[in-house]
Amino acid sequence: MPMDPIDIIEGRVAVLDRSDVDTDQIIPKQFLKRVERTGFGEFLFYDWFRSGEIELEAHPILVTGRNFGSGSSREHAVWALKDYGYDAVIAPSFSDIFFTNCTKNGLLPVVLDEERCRAVAGAGEARIDLDDQTVNCAEGVFRFEIDEDIKHRLINGLDDVAMTLERGEKIDEFESAGRADHGPITTSL
Amino acid sequence: MAKSLFEKIWEAHEVDRDLIYIDLHLVHEVTSPQAFDGLRLGDRKVRRPDKTLATADHNVPTDGTPTANLIADELSRVQVEALERNCDEFGIPVYSLGSERRGIVHVIGPELGVTQPGMTIVCGDSHTSTHGAFGALAFGIGTSEVEHVLATQCLVQRRPKSMRIDYAGELGFGVTAKDLILATIGRLGVGGMQGYAVEYAGEAIRALSMENRMTICNMTIEAGGRAGMVAPDETTFEYVKGRPGAPADFDAAVERWGQLPSDDGASFDTEVEVDATAISPMVTWGTTPGMVVQVTDQVPDPNAMDSPADRDHAKRALAYMDLRPGTPMTDIPLDRIFIGSCTNSRISDLREAAGLLDGRKIASSLRGMVVPGSQQVKTQAEEEGLHEVFQSAGFEWRESGCSACLGMNPDILQPGERCASTSNRNFEGRQGAGGRTHLVSPKMAAAAAVEGRFVDIREWS
């Protein structure tokens, strides 16, 4: 799916001071039954919000602990965060699948070390410049690393599928060279 | 140059820079509807329906409901119906309710013989790592990637780092593959394999059955690993042989598969050594699979932990689990037992549990549930009479599905209920809001069912 291009994300920062937050917490399973991509925001952190355990403002930026988005591959977690209002999540580390899911939906995952995450959280406001790869806040300007291809796609809001289809000849070549022939044929089981 | 199993598979599937070809795409009802919608919006086709296979598992009731029309929960029913309609529209084979081949997606792939060495396999489910047990490169993907694979049969992917974990020696009496992987996650941490494709190697791994290797690879994701794999060997070939999806020229395939194991001198970004003989039966105490101790241990004291983040997380976990530091794990009383999930619901898991239950009764205070991983596992177990063992012991014998592993179906824990579960995740609310999950092996679950609390299986008779 094409995404909204990301340039600058700035504004207030919501802080979830927890590590290893799994996608079951971000969006519990009872809300995975919807067959659309929309409308998940109201169920974000459902049990934690409902019990009053945490409160989070729908600011543009969420700062949280290490290994954010662990567990289930449910992309619904990203849809929920985005729908609730976040445009970027800053954490010391993300689970691999969650990170990828973010980049397919225009939710910017930013990796900063724990100390810098705390600094951004403390500052309360920040400005993320994706092109520059910096997070600018009252506590300083922090550079972050991001894969060049991912950055290119996010800045231009590119549709992954369309981009790969443009490389269709390469896929045709792979198949016609017999390199895809070894696997089972599911349609003739 | 010496190459690892991972490198061989990766290189054989590189279509272009950071683009790898997918040999098998498994699809289930929860993470696919939006992907099919995306295809329709973009007026795109499924490139290779013949390399795609679907089943309904997450939403499926396990109480014997015969067809999707009878799923009482409307949203669940809509999702399963959407899967059936989408597969019909795009020409994808689907094993939905009523099919003898239906089951948990990670159980039916191997069972049908479509999971084979050297393949790349993806599915919109984090436990896709299971298939790596065959010496395949298998990983979970999100819905956008499901759409991408449907449309292109490829995945945009940066090459992950590589890790080898070498398990020296053999597992002791009563110690299982589940204990091995729980102990490994406990040691490396829930983010310890992040960014890695992990090869499980060594004497202890070689000695394991395919089912047990699947249990290990399955939980790779619980340490954050991208993929878990085991080099294919005679055990692997023997398992695949004769199954519906097995290659027609099986000898030629074995010849090819025999080239896959890591060469001597292959290099890995990280190497870990584990003494398999020192591993004990394990039980989780907290709300991540890394919060785990030996059954002979006590509930740990958060104040004794080094990092503030760990301390804070452990305190919250103990509050959620309603446990006190210092309590022996064997003193924790249980309300529920769940034997099932893509981690431990295969025939050997059921045999192990039934072997301990034969002639015994589960504690009267408990409710126990056995949910076979697939309809075929169920049929086989019934042919062996295992269902009678479970039923006479007081267990419910159910239809196949994901069931109480994630509670997207009616099989859920009630708030406050404490469950010994053979599944893979003890996250807050995973098995039902307010439910408390302790992850264990099928043997440990069976023994706990009889005693109503955890026991050290090595000393229990």
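Student: What is the strand order in the open sheet of five strands in chain B?

Tutor: The order is β17-β16-β15-β18-β19, with parallel pairing. Strands here are DSSP runs (E, at least two residues; helices are H or I, at least four), numbered from the N terminus, and two strands pair if DSSP finds at least two bridges between them. This is a predicted model: local features need pLDDT of at least 70, side-chain atom pairs count only at pLDDT 80 or more, and totals for chains, interfaces and linings use all residues. Residues are numbered from 1 along each chain as its sequence is written, while chains are lettered from A and ligands numbered from 1 in the order in which they are written.

Student: Which strands stand at the edges?

Tutor: β17 (395-397) and β19 (436-439) of chain B; each has a single partner strand, so one side of each is left without a neighbour in the sheet. The twist averages 20° from one strand to the next.

Student: And how many bridges join β15 and β16 of chain B?

Tutor: Four, in the parallel sense, between residues 336-339 and 367-370. B:I339 of that pair stands opposite B:V370 in β16(B).

Student: Helices now. At what angle do α6 and α8 of chain B pack?

Tutor: About 20°, with axes 8 Å apart, for α6 (177-188) and α8 (210-218) of chain B. Axes are lines fitted to C-alpha atoms, for helices over the stretch in contact, and angles run from 0 to 180 degrees between N-to-C directions.

Student: Which residues of α6(B) meet α8(B)?

Tutor: B:A177, B:K178, B:L180 and B:I181 meet B:N212, B:T215 and B:I216 in α8(B); contact means C-beta atoms, placed from the backbone, within 7 Å.

How values were computed. Contact = placed C-beta atoms within 7 Å.
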